[in-house]
Amino acid sequence: MTEEDTRYEAVRSRDARFDGEFFFAVETTGIYCRPSCPAVTPKRSNVRYYATAAAAQGSGFRACRRCRPDAVPGSAEWNVRADIVGRAMRLIGDGIVDREGVGGLATRLGYSPRQVQRQLTAELGAGPVALARAQRAHTARILLQTTPLPVTEIVFAAGFASVRQFNDTIREVYARTPTQLRADAPDKHRATAPAAGIPLRLAHRGAYRAGPVFDQLGRELLPGVEELTGAPGRRGFRRALRLPYGTGVVHVDEVTHDQPGARAEHRGGWLDARIQLTDLRDLTTAVGRLRRLFDLDADPYAIDERLGLDPRLAPLVAARPGLRSPGAADPDELALRLVAGPAESARLVERYGKRLDAPSGTVDRLFPVPGELVDEPGTLGALAHALHTGALRLDPGADRDDADATLRALPGMPPRTAALIRLRALGDPDVGVPGEHLATEDAWRPWRSYARQHLIVEGQL
């Protein structure tokens with residue numbers, strides 16, 4: 001089968017496994033959709049395929065109101081790839097273009113703006129401005145449909161430069177005015193004041209084993225910064241976030257939801273969350289960081305298929321399909337905590353942690369920034385200095401190999417800790433941790449991080 005055959009078969013069978021991996025548009029309707037859209041399957045001759053929603057929008061198609069293609073999980077490819085395109089997509093998801101422009105994105109990638117534009121357009125059919133624009137439109141829709149904020153406030157909270165730009169984008173993407181889009185909200189009763197938190201549905205593809213993720217977050221809990229509430233199966237995870245424009249507190253529920261009508265083997269769902277922000281411009285960035293923490297853009301079908309071929313892992317994969325490998329909500333914080341250890345991390349929070357203006361539950365402060373820890377002795381101080389000066393970068397667009405080399409060169413840095421920082425803070429799906437007998441398991445590539453997670457949950461590590 002050709003790639004086009006495979007894609008049309010995915011559309012014909014409404015296969016949710018491909019949601020976010022590509023989009024399809026129908027020339028006769030002018031609408032673009034996710035592959036699992038429940039609408040009548042269009043004729044093959046009328047279908048066009050796009051790598052990103054931005055590319056479909058750039059070709060003049062508007063988003064389907066039925067399947068909401070802007071709300072799909074992100075492509076797992078961007079988490080795996082270490083090249084300029086993968087790094088750029090992770091940075092755009094973190095809101096870099098909105099905050100620093102294309103020039104800032106290019107500087108972080110180590111290329112010229114022209115090179116970044118050319119590379120993204122050639123591979124994805126859209127440049128960084130168009131990709132950021134699609135993301136802003138999605139953020140605007142969330143705010144319009146889940147908060148009573150005035151449109152003038154939503155304009156700048158979503159990252160638009162002007163009301164006119166906002167209105168034009170909403171009309172082009174959704175074929176609705178902002179007022180009409182707000183009236184279309186399916187759950188109007190959920191529209192609450194921002195102080196009460198913005199309700200979010202954090203989509204994922206396929207099965208999602210929330211229990212082991214919440215178990216791990218519970219074991220790693222840092223008092224004051226994080227809190228686990230409820231009982232297994234109905235737990236909530238709350239934590240503080242330091243963001244570019246302000247701070248936030250997020251609460252994520254353990255329970256997941258299946259998509260109504262989806263076939264069992266193609267099910268997807270979401271995690272329910274509510275986020276309070278001191279500055280709404282941080283919404284896009286906060287959502288991106290939560291997606292990395294809970295590993296929501298992973299492709300469990302590809303991971304389980306590969307690991308299920310190994311006799312040692314096959315029964316574990318069968319018992320826990322969709323097991324995820326948690327990342328980091330704040331890569332710098334996680335790296336510092338891994339070096340410091342639990343007790344020392346608690347001391348650092350007590351001594352340096354900035355108190356939140358609006359605590360939530362027992363979450364009342366932030367973990368200190370690297371600049372506040374540069375005078376700490378030993379490896380911790382060396383790591384803090386490298387992060388503070390920019391000698392070491394752990395942001396979503398960091399070059400993983402360069403960061404790994406810098407980490408290992410720090411005085412006193414244990415190889416195992418450096419590997420865990422690469423796995424968690426940099427979100428690398430294929431890390432072998434020294435001393436855990438995973439580094440040589442080539443049969444598990446490129447998913448060694450997930451193999452490790454299965455062994456941890458099973459109690460074999």
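The model is a predicted one, so to speak of a local feature takes a pLDDT of at least 70 and to count a side-chain atom pair takes 80 or more, while totals for chains, interfaces and linings use all residues. Residues are numbered from 1 along each chain as its sequence is written, and side-chain values use heavy atoms, with hydrogens and water left out.

The second largest pocket holds about 580 Å³ of space. It has 27 lining residues, and R289, D330, P331, D332 and D395 come closest to its centre. Two or more lining residues come from each of α5 (96-109), α12 (283-293) and α15 (331-340). Pockets and cavities are both found on a 1 Å grid over the protein atoms alone: a cavity is a set of points where a 1.4 Å probe fits but cannot get out, a pocket is an open set with protein on both sides within 12 Å along at least five of seven lines, and a lining residue has an atom within 4 Å of a point. Grid points are joined across faces, edges and corners, and the volume is the space filled by probe spheres set on the points. Helices (H or I, at least four residues) and strands (E, at least two) are DSSP runs, numbered from the N terminus.

The largest cavity takes up about 120 Å³. Its lining is made of 13 residues, with E226, R239, L293, L334 and R337 the closest to its centre. Helix α15 supplies the largest share of that lining, three residues. By type, the lining of the largest cavity splits into five nonpolar, one polar and seven charged residues.

Next come the nonpolar cores, which are sets of buried Ala, Val, Leu, Ile, Met, Phe, Trp, Tyr and Cys residues joined through side-chain atoms within 4.5 Å. Buried means under 20% relative accessible area, exposed over 50%, and partly exposed in between (1.4 Å probe, protein chains only). The largest core has 72 residues, and L200, I275, L283 and F294 have the most contacts inside it. Helix α7 (residues 128-146) is the top contributor to this core, giving eight residues. Leaving aside residues up to four places away in sequence, F294 is in contact (heavy atoms within 4.5 Å) with Y208, V213, F214, L217, F237, V252, L271 and R324. A separate core has 28 residues, including A335, A384, L387 and A418.

Two strands sit well inside the fold. Strand β5 (residues 198-204) has six of its seven residues buried, so the rest of the structure largely encloses it. Strands count as paired if DSSP finds at least two bridges between them; β5 pairs with strand β9 (residues 269-277) in the antiparallel sense over seven bridges. In that pairing, I198 faces I275 in β9. Strand β7 (residues 236-242) likewise has six of seven residues buried and is therefore largely enclosed by the rest of the structure. Its antiparallel link to strand β6 (residues 226-229) runs over four bridges, with E227 opposite R238 in β7. The hairpin of β6 and β7 has six residues between the strands, and in it G230 takes a positive phi near 80°.

Elsewhere, four strands make an open, mixed sheet in the order β3-β1-β2-β4. The edge strands are β3 (47-50) and β4 (62-63); each has a single partner strand, so one side of each lacks a neighbour in the sheet. Strands β1 (residues 23-26) and β2 (residues 31-33) run antiparallel and are joined by three bridges, with V26 opposite I31 in β2.

Most residues other than glycine have a negative phi, and most peptide bonds are trans. R68, in the loop between β4 and α3 (77-80), has a positive phi near 50° and is partly exposed at 29% relative accessible area. D295 has a positive phi near 55°; D295 lies in the loop between α12 and α13 (300-307) and is buried, at 7% relative accessibility. Finally, a cis peptide bond with omega about 0° joins R445 and P446, and P446 is in the loop between α19 (415-424) and α20 (448-457).

Key
Nonpolar A, V, L, I, M, F, W, Y, C, P; charged D, E, K, R; others polar.
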